Amino acid sequence: TIIELLPGREITFDDGWEDQDFAYYARVTNYWTFRLTAVGDSTLVELFHHQYEAFGERVHDALDSYEMAWDNKHLRKLREIVDRRLGKPDLNQHEK
């Protein structure tokens, strides 16, 4: 569910977790924000993950779980999508 949308600048949404392998996390609503900020000729992309405190005593397990799963492959994919829309060459080809 989209919580907030500032077109071209920011989107916040709940994660809607459905993976039953991690059923505990599906019971806790947390939120993601992607923020885009112009910096000279470039764009700064910020990613925020909110509501860790909702995991209560398992907050450390939840953080560790997310940290293990997320790495820069997600940012490379985001860059690929943005570059393609801008008609730029794929700079990540050598990393695939």
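The protein exposes about 7400 Å², and carbon and sulfur atoms supply 54% of that area. The model is predicted. Of the 96 residues in the protein, 19% are buried.

**Fold**

Three helices and four strands make up the secondary structure. Their order along the sequence is β-β-α-β-β-α-α. Take the contacts between residues at least 6 apart in sequence: 24% of them join residues at least 24 apart.

The strands with residue ranges given here are these:

| Strand | Residues |
|---|---|
| β1 | 2-6 |
| β2 | 10-14 |
| β3 | 31-39 |

**The β1-β2 hairpin**

β1 and β2 pair in the antiparallel sense, over four bridges. Glu-4 stands opposite Thr-12 in β2. Three residues lie between the two strands, which form a hairpin. Gly-8 sits in the turn and has a positive phi of about 75 degrees.

**Thr-33**

Thr-33 belongs to strand β3. Is Thr-33 buried or exposed? Its relative accessibility is 3%, so Thr-33 counts as buried; the cut-off for buried is under 20%.

Which residues does Thr-33 touch, leaving aside those up to four places away in sequence? They are Glu-10, Ile-11, Thr-12, Glu-46, Leu-47, Phe-48 and His-50.

Terms used:
Residues numbered from 1 in each chain as written. Predicted model: local features only at pLDDT ≥ 70, side-chain atom pairs only at ≥ 80, totals over all residues. Heavy atoms only, no water. Buried < 20%, exposed > 50% of the residue type's maximum accessible area, 1.4 Å probe, protein only. Contact = heavy atoms within 4.5 Å. Areas by Shrake-Rupley, 256 points an atom, 1.4 Å probe, with all protein chains shown as cover. Pairing = 2+ DSSP bridges.
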